[in-house]
Amino acid sequence: MEKKKIAVVTGASSGIGREFARLLSKKKGIEEIWCLGRNIGRLNELKAEIGDRARTFSMDLTDRNNFGVISDMFEEEQPQITWLVNCAGFAKFCDYADIDLTTSLNMIDLNVCALTAMGLLCLPYMEKGAHIVNMASQAAFQPLPYQNIYSSTKAFVRNYTRALNRELRPRGICATAVCAGWMETRLIERASIGAKKGTTKFPHITSPDVVAKKALRDAKKNKDMSIYGGYVKLAHLLAKFLPQKTMMSMWLSQQDIK
Ligand SMILES: NC(=O)c1ccc[n+]([C@@H]2O[C@H](COP(=O)([O-])OP(=O)(O)OC[C@H]3O[C@@H](n4cnc5c(N)ncnc54)[C@H](OP(=O)(O)O)[C@@H]3O)[C@@H](O)[C@H]2O)c1
C-alpha cells in the first residue's frame, strides 16, 4: 500500500510557521499537512483557509509527554514525511534577571529540545528527497547580550542543522537552517512584554512570507543554510571576520544599551 505523503509544521498557528503551512499547501504531492501549535482557534483559522488537507494538533511542545503522543501517531499511520518544518519557538528580549527560571528553561526546551526531538521522531519516516527546515536566526551568528539564552538556542539550531545536513547526505535528505533577520510576527511583541531593558530596534524588518519562500527554494537546492536579505548577509559576513567582543559591542550600540 502507498504511504501517505505528509508535511509536518510546528509553530503553524502563527508567524512564519503559518506561512510555511500555506506555501506547502500549494505544493503538489503533499496529501496532508500536519499543523502543530497551541492556540486551537488560530489553528482552526488556518485549517479553514487551507482546507481538508490540513490536520491540526494543539499541543505544548515543552511538555515531553507530547513526543510520545506524536511518536504513537506516526507509528499508527506509517506516513512518508516529505517535509518537517520546525518553527515553534519563543524569545525573551531583556536582562537575564527579569526572566524567571521556568521561562528561561522553557526557551531551551522549545527552541532546542523540541526541535531536535521532532527531527529524530520524523527521520525514520523520511525517504530520499525529504527535507528538514529548522528556524534558526540571525541571532545565531554571535552572542547577544539581553537575548543571551535566545541567541544561544539559535546558535545550537544553526550548528546542529548544518552538521545533520552532512550526516544525512548519504540518505539524500536535506536539513536547512533558516537564519532569518527581524520579521513582523507575534514573537517580537511576546518577547518584549515586561522588559525594562533590552531590544527596542528592529532594523530591516521584513514580512515572514518572503523569508519562507526563500527557505523553501534554498532547501530544494540542498543548502544547509538559508539567509534572506542583504542586511542579514552582511551580518553573517561580519561575524566571520570580526571578534565576537566587537560584534557584541556593535549590537549594544545599535540597540542603544549602556
Ligand atoms: N520574528 C522574528 O523576528 C524571528 C527572527 C528570526 C527567527 N525567528 C524564529 O522563527 C520561529 C517562528 O517564530 P515567529 O517569528 O513566527 O513567531 P510567532 O508568530 O510568535 O510564532 C511562534 C510559534 O511557536 C508556537 N509556540 C510557542 N510556544 C509553544 C509551545 N510551548 N509549544 C508549541 N508551540 C509553541 C506558537 O504557537 P501558539 O501561538 O499557538 O502558542 C507559534 O505558532 C521561531 O523559532 C523564532 O525564533 C523569528
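Q: Which residues of strand 6 point one way, and which point the other way?
A: C174, T176 and V178 point one way from strand 6, while A175 and A177 point the other way, and all are buried. Here a residue is buried if 20 or more other C-beta atoms lie within 10 Å of its own, exposed if 12 or fewer, and partly exposed in between, with C-beta atoms placed from the backbone. In a regular strand, side chains alternate between the two faces of the sheet.

Q: What kind of model is this?
A: The model is predicted: local features need pLDDT of at least 70, side-chain atom pairs count only at pLDDT 80 or more, and totals for chains, interfaces and linings use all residues. Residue numbers start from 1 along each chain as its sequence is written.

Q: Back to strand 6. How many of its residues are buried?
A: Five of the five residues of strand 6 are buried, so the strand counts as mostly covered.

Q: Which strand pairs with strand 5, and over how many bridges?
A: Strand 5 pairs with strand 6 in the parallel sense, over five bridges. Two strands count as paired if DSSP finds at least two bridges between them.

Q: Which residue in strand 6 is the bridge partner of V133?
A: The partner of V133 is T176. Elsewhere in strand 6, C174 has H131 opposite.

Q: How do strand 1 and strand 2 run, parallel or antiparallel?
A: Strand 1 (residues 5–10) and strand 2 run parallel, joined by four bridges. Of the six residues of strand 2, five are buried.

Q: Change of topic. How many helices and strands are there in the protein?
A: There are nine helices and seven strands. Helices (H or I, at least four residues) and strands (E, at least two) are DSSP runs, numbered from the N terminus.

Q: What is the radius of gyration of the protein?
A: The radius of gyration is 18 Å, close to the 18 Å that the globule rule gives for 258 residues, so the protein is as compact as a globular protein of that length. The radius is taken over C-alpha atoms, and the rule is 2.2 Å times the number of residues to the power 0.38. The C-alpha trace spans about 65 × 35 × 30 Å along its principal axes, and 40% of the 258 residues count as buried.

Q: Which residues in helix 7 are buried?
A: P208, V211, A212, A215, L216, D218 and A219 are buried in helix 7. Seen down the helix axis, they fall within an arc of 165 degrees, so they line one face of helix 7. That arc is of the directions from the helix axis to the C-beta atoms. R217 and K220 are exposed on the other side of helix 7.

Q: What covers the buried residues of helix 7?
A: The cover includes helix 1 (15–25), strand 5 (131–135), strand 6 (174–178) and strand 7 (225–226). Contact means that two C-beta atoms, placed from the backbone, lie within 7 Å.

Q: And helix 1, how many of its residues are buried?
A: Eight of the 11 residues of helix 1 are buried, so helix 1 is largely enclosed by the rest of the structure. Among them are G15, F20 and L24.

Q: What follows helix 7?
A: N222 follows helix 7, in the loop between helix 7 and strand 7. N222 has a positive phi of about 65 degrees although it is not a glycine. With 15 C-beta neighbours inside 10 Å, N222 counts as partly exposed.

Q: Where is D256 found?
A: D256 is in the segment after helix 9 (244–254). Its phi is positive too, near 60 degrees, and D256 is a residue other than glycine. D256 counts as exposed, with 8 C-beta neighbours inside 10 Å.
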